[in-house]
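The following paragraphs lead the reader through one part of a structure. Please keep the model in view while reading.

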Amino acid sequence: MDISFDHYQWFFGSMLFCLIFYYFISPILSQILVDGYMAITEEKKVMWHTMTISNVHVVVVCTLSIYVLLTDEAISKDVAWGRSFISQLPLAITLGYIVADSIVMLHKFKFKDARSFLAHHFCTAVPYWFNITFGPLTYFAVFRLLAEFSTPFVNQRYFLDVLGKKSTLGYVINGVLLTIVFFVTRIAVIPPYYREVYYVLANRSTLQLNWLYLLVWVGGSVVLDVLNVWWFRKILRGAIKTIQLHKPVKEENGDTVRNRVKGE
């Protein structure tokens, strides 16, 4: 496998941009644009800004990923070895974001509170670093980025929560959409994803791949999907609980009232 550093400037540029956005741009924009932001505790503002830059990252990489999957002939013709500069660009940008987000977590969070996210970041970052450096399996790396479509709904849930809007209809709708999109982009794709993995592993051309890269690719994918199933279970339980607490209930006099939201 040839070693390439063509995307490293995008990796470092993305990391630097995300850190600047977190520490400087997001606090300014939030203060100007969001009513109620100044009333949020400093501890909650830490998570607020990580989710703000997360949304920016999603818009950029999901747009690029869709474009690549629809138009890039190199990876569509050869899912094992095909690559191009544009197909690896969203991976380099994501790698920069992941490193920046990990730096913020280690700086601002207690390790026990951040360990599941750091584990997720590590299992994502290592295959992406291998890809932008050595090149193979770009198709699968870009395909996994589509899972980020669920991230804005996770972030919006937190924004509504800290702004005191858990009892609103918007919170319920966002929770339902989060559950649906998370399932479609992270859970429902598991069987077809591993079917393609099997086809590639059964192909003789895959034997040319370094065993360490195969271990990182398959092992990282399995860990990520275990985390996704675990998170989906929590999201589904929270969504069901929220919907149940918003159901109309009848009092003895027949008047319809709504329960106050107490759940997640």
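The crossing of helices H7 and H8 is left-handed, a term used when the near helix is turned anticlockwise from the far one by less than a right angle. This is a predicted model, in which local features need pLDDT of at least 70 and side-chain atom pairs count only at pLDDT 80 or more, while totals for chains, interfaces and linings use all residues. Residues are numbered from 1 along each chain as its sequence is written, and side-chain values use heavy atoms, without hydrogens and water.

Two packed helices are described by the angle between their axes and the distance between the axes. Helix H7 covers residues 151–162, and its axis lies 8 Å from that of H8 at an angle of about 155 degrees. H7 and H8 are therefore roughly antiparallel to each other (an angle over 145 degrees).

Helix H8, residues 169–187, also supplies the largest share of a nonpolar surface patch, namely 4 residues. The patch is formed by Val176, Ile180, Phe183, Val184 and Ile243, which together have about 390 Å² of accessible area; the area is computed by the Shrake-Rupley method with a 1.4 Å probe. Valine 184 belongs to helix H8. Because its relative accessibility is 47%, valine 184 counts as partly exposed (between 20% and 50% relative accessible area).

Arginine 233 lies in helix H10, which spans residues 211–246. Arginine 233 also counts as partly exposed, because its relative accessibility is 48%. Between arginine 233 and threonine 179 there are 54 residues of sequence separation and a C-alpha to C-alpha distance of 9.6 Å.

Definitions and conventions: Patches are made of residues with over 30% relative accessible area and no salt bridge: like charges are joined within 9 Å, nonpolar side chains (Val, Leu, Ile, Met, Phe, Trp, Tyr) within 5 Å. A salt bridge is a side-chain nitrogen of Lys or Arg within 4 Å of a carboxyl oxygen of Asp or Glu. Helices (H or I, at least four residues) and strands (E, at least two) are DSSP runs, numbered from the N terminus. Buried means under 20% relative accessible area, exposed over 50%, partly exposed in between (1.4 Å probe, protein chains only). Axes are lines fitted to C-alpha atoms, for helices over the stretch in contact, and angles run from 0 to 180 degrees between N-to-C directions. Angles under 35 degrees count as roughly parallel, over 145 as roughly antiparallel, 65 to 115 as roughly perpendicular and the rest as oblique.
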